[in-house]
Amino acid sequence: MTTLWQSLLIALRALRVNKMRALLTMLGIIIGIAAVIAMVAIGAGASKMISDQISSIGSNLLLVLPGSTTSGGLRTGAGGTPTLTYDDARAIQTECPSVENVAPTVRGSAQIVYGNQNWSTIVMGCTPEMLVVRDWPLTTGRNISQSDVDGATKNCIIGQTVAENLFGDADPIGKIIRIKKIPFTVIGLLDHKGQSPQGTDQDDVIFVPLRTAQRKLFGSQFPNTVGAMMIQAKSADVLKKAEEEVAALLDQRHRIGPSRERDFTVRNLSEILAVSEQSSKVMSILLGAVASISLVVGGIGIMNIMLVSVTERTREIGIRMAIGAKQRDILLQFLTEAVLLTTVGGIIGMGLGVVGAMAVSKIMQWPTLISTEAIVIAFLFSAGVGVFFGFYPARKAANLNPIEALRYE
Amino acid sequence: MGEVVKITDVTKVYTMGDQRVEALRGVSFTVRQGEFVAIMGASGSGKSTCMNMLGCLDVPTSGEYLLEGVNVGGLSRNELAEIRNNKIGFVFQGFNLLPRTTARENVELPLVYARMPAAARRERALAALERVGLAGRADHYSNQLSGGQQQRVAIARALVNEPAIIMADEPTGNLDSRTTVEIMAIFQELNRHGITILMVTHEPDVAAFTGRHLVFRDGTIIADTPNPSPAVAVTHEEAP
Ligand SMILES: Nc1ncnc2c1ncn2[C@@H]1O[C@H](COP(=O)(O)OP(=O)(O)OP(=O)(O)O)[C@@H](O)[C@H]1O
Ligand SMILES: [Mg+2]
């Protein structure tokens with residue numbers, strides 16, 4: 001213990017003598033650690049953001065879109081033509097054993113007016129299952145009921161953004177708003193949901209009963225058709241199975257065969273989102289790896305300067321050996337010096353990394369997540385770099401022949 | 001009186017490529033407790049080689065070396081370091097103090113490697129500096145001291161561990177004649193208190209202060225003569 005303390009004192013003195021050199025040597029480590037901390041914080045922030053968004057969509061979801069992805073070289077694009085019907089949705093609900101809920105939707109945009117306020121937003125026709133599938137609770141009021149759908153009532157539930165813009169802080173329940181000039185009664189207010197993985201504001205929405213939307217708002221030449229259907233499987237395990245059941249049922253209902261191409265697309269939403277989560281994780285690992293390289297470069301700088309230091313102080317090493325320093329005393333002395341360099345550099349780097357990450361999240365509105373774990377690991381890593389790159393020079397010093405070291409000029 | 005150093009038939013051969021240099025060719029002698037011995041001889045005669053070996057900085061090619069009756073041959077590097085630490089005090093021609101370090105810290109150094117607690121170290125170092133007349137310079141940095149003062153710090157450092165023997169290789173080689181006498185006065189004073197000293201010197205004037213002259217030539221001892229009435233070193237301060 002006393003020797004470690006002595007080595008520390010000697011190391012501090014040696015660094016004080018060459019302040020500028022010590023600082024320049026540490027720079028590599030400072031930059032390396034700062035980069036690692038900042039990159040990991042940014043990467044972790046991004047992947048947390050994505051996983052939050054994924055859970056905001058709901059779990060175990062399939063998305064069925066009208067139209068095919070490819071049709072004979074000509075891309076129609078999913079959602080192109082209205083081929084899905086409300087009856088399809090009900091058939092899926094009753095005939096596919098792996099399916100828990102089906103939420104057919106009709107979607108359009110509309111001008112909303114309340115008093116002298118007006119607001120342009122997305123209006124979605126849906127069934128009661130919508131909020132279940134999306135795992136989306138209400139702040140106040142009630143959900144759209146099946147009788148609302150069947151009776152095509154002029155009731156609606158609104159998202160937080162719409163509520164803020166039309167009502168400010170006032171309670172929206174029971175208020176009459178006009179959607180495309182048709183009066184609707186607000187029966188429910190949705191909880192805050194935040195951004196979607198695509199970056200749109202999910203709270204900027206109004207839900208109306210499906211039938212109401214089909215007949216009164218977006219009346220088309222095909223009154224019974226629906227746009228996208230969201231389907232929730234009974235569990236993650238049967239998601240794949242549900243996908244197959246839905247496709248098979250729709251193939252049968254739409255008489256899809258060798259001579260007729262599919263007029264719908266089933267997408268595994270959870271899978272798509274999981275992939276994007278995965279890729280953000282890979283991204284943060286990659287960023288961390290790139291940052292680690294600068295740490296290794298910093299370590300090599302430490303090794304270089306320690307070798308110089310050993311050569312410069314050969315005579316000192318000789319003196320110490322002549323008066324009784326053992327090899328391990330010399331080894332410890334130089335190792336301590338290297339570790340001191342890297343850990344001091346590491347601490348400064350951590351500070352800069354944290355500040356950098358906070359600056360990024362402030363300036364670029366990009367979330368960052370600084371974990372104590374990352375800080376502890378970075379600290380241990382910087383000490384490890386000191387031991388690893390300081391060992392060779394320290395051993396070189398310890399192995400010097402005392403007579404030759406004493407004679408060194 | 002016990003034998004502090006006893007070497008028998010010691011040789012040292014340096015091989016550099018296919019060249020062999022026989023620096024020592026069968027040297028035997030004994031140094032008893034309390035002796036003050038001068039080692040003399042022409043340049044290249046093997047004096048430093050012998051001193052390095054006696055100081056356990058180097059090992060002989062052949063022959064036996066007993067230090068206080070303990071056979072030093074075949075000891076590991078660590079064990080030799082321990083012997084240097086607690087049985088031997090070195091004084092070099094070039095002083096060899098650590099730069100940017102105070103006199104006291106320099107003197108404390110052997111005690112640091114002996115794992116002595118700081119308070120005891122400080123006390124011993126100050127006492128050793130007192131013995132060489134530098135009590136007032138304890139906190140001066142080594143580069144703020146004159147050559148003579150630096151050598152006195154080095155002597156204090158050699159003393160501080162109460163070694164069996166002090167080995168000095170041309171301790172006055174870098175000093176003027178007046179300072180040389182000062183250093184010799186310190187050695188004589190220490191020797192009067194029973195400390196054994198082995199000193200290499202070129203100058204007969206310096207050797208005159210010792211009690212025995214060992215003369216080297218071509219790696220062997222050609223003369224070993226006692227000096228029954230050594231000159232007394234009198235420094236100017238002490239002169240009437
Ligand atoms: N490390 C070494 N490698 C090879 N030869 C050496 C080595 N050290 C000493 N020698 C040789 O050994 C011989 C004795 O050298 P040594 O240094 O002991 O002489 P010295 O008596 O101390 O001389 P001086 O009075 O000049 O200091 C010399 O010929 C020298 O060249
Ligand atoms: Mg010599």
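Which side chain of chain B places an N or O atom 3.1 Å from an oxygen atom of ligand 1? The side chain belongs to His202(B). The model is a predicted one: local features need pLDDT of at least 70, side-chain atom pairs count only at pLDDT 80 or more, and totals for chains, interfaces and linings use all residues. Residues are numbered from 1 along each chain as its sequence is written, chains are lettered from A and ligands numbered from 1 in the order in which they are written, and side-chain values use heavy atoms, with hydrogens and water left out.

The site of ligand 1 was examined with two further polar contacts (pairs of N or O atoms within 3.5 Å; within protein, one must be able to donate a hydrogen and the other to accept it, and residues adjacent in sequence count only if both atoms are side-chain atoms). Ser48(B) brings a polar side-chain atom to 2.7 Å from a ligand oxygen. Gly44(B) uses its backbone instead, with an N or O atom 2.8 Å from an oxygen of ligand 1. Taken alone, ligand 1 exposes 630 Å², and the protein buries 70% of that. Such areas come from the Shrake-Rupley method with a 1.4 Å probe; for residues, only the protein chains shown count as cover.

The shell around ligand 1 holds 15 residues, each with a heavy atom within 4 Å of the ligand. Among the closest are Lys47(B) and Thr49(B). Chains A and B both supply residues, so the site is shared between chains. In chain B, β1 (3–16), β2 (19–32) and α1 (47–54) each give two or more residues. The largest share, three residues, comes from α1(B). Helices (H or I, at least four residues) and strands (E, at least two) are DSSP runs, numbered from the N terminus. By class, the shell has five nonpolar, seven polar and three charged residues. Here Ala, Val, Leu, Ile, Met, Phe, Trp, Tyr, Cys and Pro count as nonpolar, Asp, Glu, Lys and Arg as charged, and the others, Gly among them, as polar.

Helix packing was examined in both chains. Axes are lines fitted to C-alpha atoms, for helices over the stretch in contact, and angles run from 0 to 180 degrees between N-to-C directions. In chain A, α2 (residues 19–57) packs on α11 (residues 327–363) at about 40°, with axes 6 Å apart. The two helices are therefore oblique to each other. Angles under 35 degrees count as roughly parallel, over 145 as roughly antiparallel, 65 to 115 as roughly perpendicular and the rest as oblique. The contact of α2(A) with α11(A) comprises 18 nonpolar, six polar and no charged residues.

In chain B, α4 (residues 118–131) and α5 (residues 147–159) pack at about 130°, with axes 8 Å apart. That angle makes α4(B) oblique to α5(B). Helix α3 (residues 103–113) of chain B also meets α5(B); the axes come within 7 Å and cross at roughly 30°. α3(B) and α5(B) are therefore roughly parallel.

Two backbone features stand out in chain B. Asp9(B) is not a glycine, yet has a positive phi of about 55°. Asp9(B) sits in strand β1 of chain B. Glu170(B), also other than glycine, has a positive phi near 50°. Glu170(B) lies in the loop between β7 (165–169) and α6 (177–192) of chain B.
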